[in-house]
Amino acid sequence: MSSGTESRADGDADAGAESDDGGHCSTPDSDGEVAEEIAIVSFERKLETAREIKAGLADRYESIEILEYHGDVFEEYWGEYDCFVGLMASGIAMRKTAHLLEDKWDDPAIVVIDEELTWAIPITGGHHGANQVAQDLATMGAIPAMTTASEAAGKQGVESRAKAMDAHVVNGDSTVQTNLAVLDDDLGPVARLDGPRAVLVGDDVTVLKRNSDDGVVIGTGSVSGASKDAFLAAWEEALERTDYGFSDVEFVATATRKADEEGLLEAARELDLGVVTFDRETLLDHEGPTPSKSKELIGWPGVSEASAIAGGREQELLVEKLGYENEVTVAIGR
C-alpha cells in the first residue's frame with residue numbers, strides 16, 4: 001500500500017519526466033501486485049490534465065511523475081514504474097506497448113484515460129495495479145471500465161484480497177484456478193497458517209505471504225448510507241478497549257453486501273487499510289455470540305462479529321459487537 005507522496009529519485013534528472021525532485025524512479029514495487037510508483041504519459045497539449053490527475057492522486061502513491069509522450073516513451077521507461085497512466089486513446093497505448101509485453105507478473109500495469117476524465121480503462125495488469133489505479137481515478141469522476149472476470153462480476157479476486165490483506169501472491173500461476181473458484185463462490189476465506197511448518201500445495205492453491213506481522217482485524221457492519229465519520233469513530237472506540245491502535249490493524253472485514261458502502265470505503269482509504277469481504281455462507285460458519293436481528297430478517301448473521309472472526313488469524317474476538325449512533329457496528333478480532 002502507498003505510504004506517502006514523496007517521490008524517490010534513483011538516478012539523474014530526466015528532461016522528459018516531471019517529478020517533485022526532478023528525477024524519475026527506477027525501483028518499482030517488487031511484488032508487482034500493488035501499484036506504488038506511477039507514470040502519467042501525456043501529449044503536450046494535455047499536460048494540464050496530467051497535472052490535475054497527479055494532484056488528485058498524490059496522497060495515494062509513493063510517487064507520481066509525468067512523462068511527455070513521444071514515440072518511444074513506453075519503451076524508454078519500461079520496467080521503471082508499476083503502472084503507466086496513458087492520457088490518450090487506448091489504441092495508441094496498445095500499439096506502443098504490445099511488443100514489450102512478456103509476463104503479466106513482471107510487466108507494468110497500463111491504464112488509459114481520456115482528457116475529460118470520463119473513462120479509466122485498465123489495458124494490462126488489471127490484478128497487478130491497473131484496477132487499483134482505475135478505481136482511484138474514479139474518485140476524480142472517471143468510470144472504471146474493468147474487464148477482469150472477478151471484478152466484472154462484482155467479486156474480490158485473490159490478488160485483490162492479497163492487496164487488502166497487505167500480502168503478496170507467491171505462486172502467480174495458481175490464480176487462474178483460484179479466481180475461477182471466486183467466480184463460482186467456491187473459494188471461501190483465506191486459510192491462515194502459523195509456522196514454523198511445511199505446507200504442500202497443488203497448482204490450484206494460491207499462496208499469499210504477509211508483507212508485515214499480523215495484528216488485529218476490524219469487523220464492521222452498518223445501516224445503508226452510514227457516514228465515513230461514523231465508521232472512524234466506531235472503529236476508534238472499539239480499538240480503545242484493546243491494547244491496539246490503527247497502526248496494528250491488518251484490514252477491515254465486512255460482508256459482500258457491504259462491499260459498495262461508500263462511507264466504509266472512504267474511512268478505510270483515509271486510514272490506508274484494505275477491505276476484505278466475506279459471503280453469507282462464510283459468515284454463517286463464523287457467527288459471533290451476539291444475537292442479530294439481521295439473521296431473522298434477511299438470513300445474514302451479525303456482520304461485525306462474524307467478519308472479525310473469519311478474518312482473524314486466531315479466529316477469536318477481542319471485542320464483541322459495539323454499536324455506534326445506530327449507524328455502525330464494530331467488533332475486533334485476531
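Tutor: Sorted by class, the residues lining the second largest pocket are 13 nonpolar, four polar and nine charged. This is a predicted model, and in it the pocket holds about 720 Å³ of space. Its lining has 26 residues, and those nearest the centre are V190, A191, R192, L193 and L208. Two elements, α6 (158-164) and β9 (208-210), each give at least two residues to this lining; β9 has the largest share, with three residues.

Now to the packing. The largest nonpolar core has 23 residues, and I38, I53, I113, V133 and L137 touch the most other members. At least two residues of this core come from each of β2 (37-42), α1 (47-57), β3 (63-68), β4 (83-87), β5 (109-113) and α4 (130-138). Take V133: beyond its neighbours within four places in sequence, V133 contacts A35, I38, Y61, C83, V85 and V111. A separate second core of 22 residues has A226, A230, A268 and L273 among its members.

F74 and F84 make an edge-to-face pair, because their ring centres are 5.3 Å apart and their planes meet at 75°. Since F74 sits in helix α2 (residues 73-77) and F84 in strand β4, this pair ties together parts ten residues apart in sequence. F74 and F84 are both buried. Y77 and Y81 form a tilted pair, with 6.1 Å between centres and 45° between planes, and both of these tyrosines are buried as well. Together with W78, the residues F74, Y77, Y81 and F84 form one aromatic cluster.

How values were computed:
Residues numbered from 1 in each chain as written. Predicted model: local features only at pLDDT ≥ 70, side-chain atom pairs only at ≥ 80, totals over all residues. Heavy atoms only, no water. 1 Å grid on protein atoms, 1.4 Å probe; cavity = no way out; pocket = protein on both sides within 12 Å on 5 of 7 lines; lining within 4 Å. Points joined across faces, edges and corners; volume = space filled by probe spheres on them. Helix = DSSP H or I, 4+ residues; strand = E, 2+ residues; numbered from the N terminus. Nonpolar A, V, L, I, M, F, W, Y, C, P; charged D, E, K, R; others polar. Core = buried A, V, L, I, M, F, W, Y, C linked by side-chain atoms within 4.5 Å. Buried < 20%, exposed > 50% of the residue type's maximum accessible area, 1.4 Å probe, protein only. Contact = heavy atoms within 4.5 Å. Phe/Tyr/Trp six-rings, centres within 6.5 Å; stacked < 30°, edge-to-face > 60°.
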